[in-house]
Amino acid sequence: MDKKLRSSLIKSKASELGFFLCGISRAEHMDEEAARLEAWLKKGLHGEMGYLESHFDKRVDPSKLVPGAKSVISLAYNYYNQEMQEDPSAPVISMYAYGRDYHKVVRKKLDHLFDFIRQTYGDVTGRVFVDSAPVLERDLARRSGLGWIGKNTMLIHPKKGSYFFLGEVICDLELEYDGPIDDFCGTCTRCIDACPTDAIAPQGYVMDGSSCISYLTIELRGEIPPRFEGLLQNRVFGCDICQDVCPWNRFSVRHDESQFKPVSGLLQMTREEWMDLSEPVFTRMFEGSAVKRTKYEGLKRNLEFLKKK
Ligand code: SF4
Ligand code: SF4
C-alpha cells in the first residue's frame, strides 16, 4: 500500500474516533523550534516549570524521543463548549476543565488509533502522547499542518479556531507528510491587548509563562506574587481570555464528547458557593477532572487570592 493511501486511511480512522483534525509530519530534529525554546528557557520565561528544561534533545527531536520514528501523526480533539457559568460574579474556570480530564479521554482515543495502525500495517513501533512527555505538541501540530501558532502562542486552525486538545502518535511507519500553513494573525493584536497580566510580548508570539494566569493558578506552587493582585479577572483555574478574543474562534463549534459535559452543578455554582468550597465538595465535584491537579489547597489559594483587590 502506498504512503498516500496509508495516510488517508489513518486520517479517516482518526475522524471516526472523533478527532476533528489530523495531519502528519516527518519525525526529525526541529532546528528553528530548538533555537526558540533555548532562548525562551534562557530568559527564564518558564517560571517554576523546570521540567521544560529536561530532556531537551528528545523534546526537539521526535526521532530521539521514539528511536527509529519516521512520522508524527498530530491530532486535535475539540473541547469548545457554549455553556457558561451562570453567576457572572463566580470565579471563572477554564473551559477545557469543565468535564472529565482530557488526558484520559484523548489518550484512550489515541490508543485506539495506534491499535488500528498496528492491526492494519503489521509490525509498527511507536508511542502515543497527550501532554505526557517531552513533546513540543504545538510545534509538531504546526508542522503537520493543523494550524499556525498565533500571537497568543496557541495553535489556530482557520476553520476550527483554537479550542482543542492536541495529541500525537509518533511511529516508524513512512507516511505522506502535510506541510505547515500560513499565519493569518495579520495586524490583529486583540490577544496582546486583552491579556490582563501582559504575559504576551508586545509583538506577540512569545509568552512569559511565569506571568500567565494559567501558570499562576495551576502550575505555580507556593504563593501567587502580590504584583498580580487585582489582575486575574476572576480566573480561579486557567484562563481563556486570549482565545476568547481571537477572531478565529468565531468558527468554533460545540464539541460532541459526552465525557466533556460539565460536571454536575459546576456551572450553577454561585460566587458564595465557590468561596465556601469545602474539601469534601471539591473531592466529589472534581473527581476525574483536570481541576484536581491543583489539589484542594491550590484551588483555595486561588480563591483567597481573588479576594485581594
Ligand atoms: S491565558 Fe490569559 S494570562 Fe495567559 S496569555 Fe492568555 S490572556 Fe494572558
Ligand atoms: S487574537 Fe488576533 S493576534 Fe491574537 S492570535 Fe488571534 S488572530 Fe492572532
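Predicted model: local features only at pLDDT ≥ 70, side-chain atom pairs only at ≥ 80, totals over all residues.
## Two domains

The domain assignment divides the protein into domain 1, which covers 3-84 + 94-171, and domain 2, which covers 190-251 + 263-307. The centres of domain 1 and domain 2, taken over C-alpha atoms, are separated by 24 Å.

Where the domains meet, 28 residues of domain 1 are in contact with 30 residues of domain 2. On the side of domain 1 that touches domain 2, the residues comprise twelve nonpolar, nine polar and seven charged.

## Around the ligands

The surroundings of ligand 1 are made up of Asn152, Cys195, Thr197, Ala199, Ile200, Met207, Cys212, Ile213, Ser214, Cys239, Ile241 and Cys242. By class, the shell around ligand 1 holds nine nonpolar and three polar residues, with no charged ones.

Around ligand 2 there are 13 residues, of which Gly150, Cys185, Cys188, Cys191 and Cys246 come nearest. The shell around ligand 2 has seven nonpolar, four polar and two charged residues. Because both domain 1 and domain 2 give residues to the shell around ligand 2, this ligand lies between them.

Helix H5 runs through residues 102-121, and its 20 residues reach 28 Å from the first C-alpha to the last, which is close to the 28 Å expected at 1.5 Å a residue. The buried residues of H5 are Tyr102, Val105, Val106, Leu110, Leu113 and Ile117. Seen down the axis of H5, these buried residues fall within an arc of 125°, and they therefore line one face of the helix.

What covers the buried residues of H5? The covering elements include helix H1 (3-16), strand S2 (71-78), strand S4 (126-129) and strand S7 (164-171). On the face of H5 turned away from the buried side are the exposed residues Lys104, Asp111, Asp115 and Gln119. Just after H5 comes Gly122, with a positive phi of about 85°.

## Helix H2

H2 is followed by Gly44, which has a positive phi, near 75°.

## Single residues to look at

Most residues other than glycine have a negative phi. Gln233, although it is not a glycine, has a positive phi of about 45°, and this residue lies in the loop between H8 and strand S8 (235-237). Gln233 counts as partly exposed because it has 14 C-beta neighbours inside 10 Å. Lys295 is not a glycine either, yet it has a positive phi of about 60°; its place is in helix H12. With 13 other C-beta atoms within 10 Å, Lys295 is partly exposed.

Lys308 is found in the segment after helix H12 (295-307). Is Lys308 buried or exposed? Lys308 has 11 C-beta neighbours inside 10 Å, and a residue is exposed if it has 12 or fewer, so Lys308 counts as exposed. Between Lys308 and Val66 there is a separation of 242 residues in sequence, and their C-alpha atoms are 47 Å apart in space.

How values were computed: Residues numbered from 1 in each chain as written. Chains lettered and ligands numbered in written order. Near = placed C-beta within 6 Å. Nonpolar A, V, L, I, M, F, W, Y, C, P; charged D, E, K, R; others polar. Domains from an automatic or database assignment. Helix = DSSP H or I, 4+ residues; strand = E, 2+ residues; numbered from the N terminus. Buried ≥ 20, exposed ≤ 12 C-beta atoms within 10 Å, placed from the backbone. Expected span 1.5 Å × (residues − 1). Arc of directions from axis to C-beta. Contact = placed C-beta atoms within 7 Å.
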